[in-house]
Amino acid sequence: MESRGKRLVALCKNVNVQMLSEEEASNHKSPQNDSSSTDDEPLTVKRNRWTKSQPEKWKKNVMKEKRSMGQPYRSTKGILRPAKTPKPARCDGYQCEVCNKFKNKSLSQEDYKQHLQRRDQANAAKANDKIRANEDTTFISVSFDLQSVLHIPSSQVSMMYYSLKLCAYNLTIYEAALPNKAFCYAWSEVNGQRGSSEIGSALYKWIETIPTNVKEISLFSDTCSGQNRNQYIAALFLYIVQ
Ligand SMILES: [Zn+2]
């Protein structure tokens, strides 16, 4: 009986609410009427079914395009993001051997000063080449580096940690000029190691793909002696320009 009594009350409440809303409808808009009006809105606005969608004109896609091109853009939150500026190479002892030596006090002040000068010269040369590559079609400027060793298969399972995995290498060449084309040369330890011969082979493969109108190339790297800065890579470049 109790539950029935409650049900009746609930029904009465419903009626009450309905009656109230009808009264209010004659005077002013009630919250219920508001909700019904919003439900009706889509019916009144007739959309053309055959309107062609243009995703390239969508605000979000325009923003993404500008961001990828390094141009200034307004974010989804309305914040104005400035154009990209080239970041100078990090030389704060994190990766740099010479800076680390100076930190450990095994390098003289004079040598360190010269090192910083060379760093600034290299950064300036890279920035200049970037500007030139954007204007001159017969000139290409790239930076290249070997990615840290990739393990196949990649897994976070703890037991996999102890099992021997296949090592894979990836040399990426990145063009300084827009639209910043990138080329990846990947191989596994079955095909070769990560020495100067393999780096040289990958560079040679990339140079073969360069358009014939290009007369000059500049390459920037971390000058790792085992991979880039050695007699084998120098010999390769001499062979190419012959
Ligand atoms: Zn340094």
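In which loop is the place of Gln193? Gln193 lies in the loop between strand E6 (182-188) and H6. The model is predicted, so local features need pLDDT of at least 70, side-chain atom pairs count only at pLDDT 80 or more, and totals for chains, interfaces and linings use all residues. Residues are numbered from 1 along each chain as its sequence is written.

The C-alpha atom of Gln193 is separated by 9.3 Å from that of Cys167, 26 residues apart along the chain.

**Overall composition**

The protein has 7 helices and 7 strands. Helices (H or I, at least four residues) and strands (E, at least two) are DSSP runs numbered from the N terminus. Along the sequence, their pattern is α-α-α-β-β-α-α-β-β-β-β-α-β-α. Of the 242 residues in the protein, 7% are buried. Among contacts between residues at least 6 apart in sequence, 50% join residues at least 24 apart; a contact requires C-beta atoms, placed from the backbone, within 7 Å.

**Pairing of strand E3**

Strand E3 (residues 139-146) pairs with strand E7 (residues 216-220) and is also joined to strand E5 (residues 166-175). Pairing requires that DSSP find at least two bridges between the strands.

| Strands | Sense | Bridges |
|---|---|---|
| E3 and E7 | parallel | 5 bridges |
| E3 and E5 | antiparallel | 5 bridges |

Val142 stands opposite Leu219 in E7, and Ser143 stands opposite Tyr174 in E5.

**Packing of H6 and H7**

Helix H6 (residues 196-208) packs against helix H7 (residues 231-241) at an angle of about 25 degrees, with the axes 9 Å apart. H6 is therefore roughly parallel to H7, a term for angles under 35 degrees. Axes are lines fitted to C-alpha atoms, for helices over the stretch in contact, and angles run from 0 to 180 degrees between N-to-C directions.

In H6, Ser196, Ser197, Ile199, Gly200, Leu203, Tyr204 and Ile207 meet Tyr232, Ile233, Leu236 and Ile240 in H7. The residues of this contact divide into 8 nonpolar, 3 polar and no charged. Ala, Val, Leu, Ile, Met, Phe, Trp, Tyr, Cys and Pro count as nonpolar, Asp, Glu, Lys and Arg as charged, and the others, Gly among them, as polar.

Notes: Angles under 35 degrees count as roughly parallel, over 145 as roughly antiparallel, 65 to 115 as roughly perpendicular and the rest as oblique. Two residues are in contact if their C-beta atoms, placed from the backbone, lie within 7 Å. A residue is buried if 20 or more other C-beta atoms lie within 10 Å of its own, exposed if 12 or fewer, and partly exposed in between; C-beta atoms are placed from the backbone.
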